[in-house]
Amino acid sequence: MAEALRIGIAGLGTVGASVARVLRDKAAELTRQCGREIVVTAVSARDRSRDRGVDFGGAKWFDDPVEMAEKADIDVFVELIGGDEGAARACVRAALDAGRHVVTANKALLAKHGVTLAEVAEKKGVLLNYEAAVAGGIPVIKTMREAMAGNSVNRVFGILNGTCNYILTRMEAEGLTFEACLADAQRLGYAEADPTFDIEGNDTAHKLAILTSLAFGTKIAADAIYLEGISNITQADIRAAGELGYRIKLLGVAQRTESGIEQRVHPTMVPTASVIAQVHGVTNAVAIETDILGELLLSGPGAGGNATASAVVGDIADIAKSRPGFQHGPVFGYPAKELKPYKKAQMRSHAGGYFIRLTVHDRIGVFAAIAKRMADNDISLESIVQHANGTEGGVAQKTVILVTHETTEAAVRKAVDGVTKDGHLTDKPQVIRIERAG
Ligand code: HSE
């Protein structure tokens with residue numbers, strides 16, 4: 001049998017402890033599958049004394065993950081610290097420079113420095129595996145990079161943040177407040193250390209940036225992503241969506257268009273009957289549309305210790321099985337130096353349907369004025385719903401909900417600005433994009 005593969009784990013939080021536990025509990029199966037043992041020989045974490053429910057007895061402790069990356073007797077450095085700079089970036093770079101394979105779950109790091117790190121890994125002839133960085137336990141990286149070689153991707157979109165999907169699902173199913181659902185997601189260990197990263201869409205954006213590079217062979221361009229989170233989604237939106245046959249999901253979407261590649265993260269209306277609308281709770285899903293395969297939808301657990309550990313252990317096992325000359329190829333599908341520049345499509349030219357919810361004075365001429373603003377901007381309406389809201393502060397109010405046929409972002413923004421200027425609104429307008437989904 002080949003020599004044991006020696007692992008060093010940096011970061012022993014929920015995911016790090018789960019990885020160590022899986023490597024211990026599944027040692028016999030992994031040895032048979034990989035043809036060699038996988039042994040944790042080094043660990044690094046800030047607090048040595050914390051009980052993590054795993055015995056790291058045989059492993060050497062390092063207070064400094066960079067020192068572990070450079071000096072430990074390891075073949076694979078597993079980075080589970082998190083963050084796009086600081087210790088995580090320094091130790092991953094040090095491990096690659098030292099010629100060690102790296103496995104990371106760190107989407108923020110890859111979204112910012114992935115291409116540079118991939119160049120170093122490819123120069124050094126080592127693997128940089130990151131399956132856990134996107135959609136937790138779903139094997140989407142391997143699927144896109146390996147199983148779909150030769151396919152040209154037209155669109156990739158998905159539910160990439162378990163916390164947001166958990167919040168939206170419970171708000172819809174139980175009528176709970178946003179805050180109560182977020183608190184539960186944090187208690188269950190789904191949310192990021194700073195949950196604004198989840199709810200404002202940054203975590204989804206990091207994952208989308210990586211998928212975009214894999215999908216289109218372009219350099220990672222996380223800064224070019226249009227971003228809107230879910231913190232302004234209300235029960236009124238969720239109920240209105242339901243009435244009109246839609247469900248609200250936070251989607252990350254990357255799409256090839258005539259003017260370039262769109263990358264956007266925003267709350268999205270998807271048809272209630274679509275497959276992606278059935279993805280509930282912390283579950284993630286990624287839909288990929290290509291010229292050869294057609295449409296593929298992968299769904300599964302996207303957050304939490306075990307889901308992430310499953311992907312990390314899969315990446316470690318790939319390294320254990322790899323032999324020189326039999327690796328999975330470049331980190332982002334094409335050699336890092338050959339990734340094409342990212343050509344950004346402007347958000348204002350995005351074409352699609354829109355949901356527009358307006359709270360207006362209930363008086364003569366208001367609806368006519370709204371309809372005129374839509375017509376003036378060539379916006380065709382697919383459906384219109386209105387409800388009387390009663391009286392607030394002596395003012396009778398109505399909610400008007402419009403669903404448009406395909407139009408452009410620029411037209412909708414201009415029409416809604418016009419409606420706002422007309423002075424009929426009693427609250428901020430709400431605009432949510434509709435995504436075509438099967
Ligand atoms: N906070 C992330 C989520 C964890 O909720 O999906 C996995 O990246």
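This tour goes from sheets to a pocket, then to ring pairs and single residues. Keep in mind that the model is predicted.

**Stop 1: the parallel sheet**

Select strands S1 to S6. These six strands form an open sheet in the order S3-S2-S1-S4-S5-S6. Their pairing is parallel. Which are the edge strands? They are S3 (60–62) and S6, and each pairs on one side only.

Now zoom in on S1 (residues 5–10) and S4 (residues 76–79). Four bridges join these two parallel strands. Click Gly8, then find its bridge partner in S4, Phe77.

H4 lies across S4 and strand S5 (101–104). The helix runs at about 165 degrees to S4.

**Stop 2**

Select S7 (residues 153–159). Is this strand mostly covered or mostly open? It is mostly covered, with six of its seven residues buried.

Strands of a sheet pair through backbone hydrogen bonds, either parallel or antiparallel. Show strand S11 (residues 283–290) as well. S7 and S11 pair in the antiparallel sense, over six bridges. Val156 has Ile288 as its bridge partner in S11.

Next, show strand S9 (residues 246–257). S9 runs antiparallel to S7, and four bridges join the two. Look for Gly158, which stands opposite Gly252 in S9.

Bring in helix H6. Its residues Val140, Ile141, Thr143, Met144 and Arg145 are buried. What do the buried residues of H6 pack against? They pack against S7, H10, S11 and strand S12 (294–301).

**Stop 3: a hairpin**

Move to S14 (residues 381–392) and S15 (residues 395–404). These strands run antiparallel and are joined by 10 bridges. Ser383 stands opposite Val403 in S15. Together S14 and S15 form a hairpin with two residues between them. Select Gly393 in the turn: its phi is positive, about 60 degrees.

**Stop 4: the largest pocket**

The largest pocket has a volume of about 1,300 Å³. Of the 48 residues that line this pocket, the closest to its centre are Leu80, Ile81, Gly82, Glu192 and Ala193. Which helices each supply at least two residues of the lining? They are H1 (14–25), H5 (107–124), H7, H9, H10 (202–216) and H12.

**Stop 5: aromatic pairs**

The structure holds three aromatic pairs. Visit two of them, among the three.

Tyr130 lies in the loop between S6 (128–129) and H6 (140–147), and Phe332 in the loop between H12 (305–321) and S13 (351–361), so the pair ties together parts that are 202 residues apart in sequence. Both Tyr130 and Phe332 are buried.

Go on to Tyr166 and Tyr190. The ring centres here are 5.6 Å apart, and the planes are at 65 degrees, so the pair is edge-to-face. Tyr166 lies in H7 (residues 162–174), and Tyr190 in the loop between H8 (178–187) and H9 (196–199), so the pair ties together parts that are 24 residues apart in sequence. Why does Tyr166 count as buried? Because its relative accessible area is 11%, and buried means under 20%.

**Stop 6: single residues**

Select Thr218, in the loop between H10 and strand S8 (226–227). Thr218 is buried, at 4% relative accessibility. Leaving out residues up to four places away in sequence, Thr218 touches Thr212, Ser213, Ile261, Leu339, Lys340, Pro341 and Tyr342.

Then pick Lys372 in helix H13 (residues 366–376). Lys372 counts as exposed, at 51% relative accessibility.

Finish with two backbone angles. Most residues other than glycine have a negative phi. Ala135 has a positive phi, near 60 degrees. This alanine is found in the loop between S6 and H6. Ala135 is buried, with a relative accessible area of 0%. Asp378 also has a positive phi, about 60 degrees, although it is not a glycine. Find Asp378 in the loop between H13 and S14. Is Asp378 buried or exposed? At 70% relative accessibility, Asp378 counts as exposed.

How values were computed: Residues are numbered from 1 along each chain as its sequence is written. This is a predicted model: local features need pLDDT of at least 70, side-chain atom pairs count only at pLDDT 80 or more; totals for chains, interfaces and linings use all residues. Side-chain values use heavy atoms; hydrogens and water are left out. Rings of Phe, Tyr and Trp (its six-membered ring) pair if their centres lie within 6.5 Å; planes under 30 degrees apart count as stacked, over 60 as edge-to-face and the rest as tilted. Buried means under 20% relative accessible area, exposed over 50%, partly exposed in between (1.4 Å probe, protein chains only). Two strands pair if DSSP finds at least two bridges between them. Contact means heavy atoms within 4.5 Å. Axes are lines fitted to C-alpha atoms, for helices over the stretch in contact, and angles run from 0 to 180 degrees between N-to-C directions. On a 1 Å grid over the protein atoms alone, a cavity is a set of points where a 1.4 Å probe fits but cannot get out, and a pocket is an open set with protein on both sides within 12 Å along at least five of seven lines; lining residues have an atom within 4 Å of a point. Grid points are joined across faces, edges and corners, and a volume is the space filled by probe spheres set on the points.
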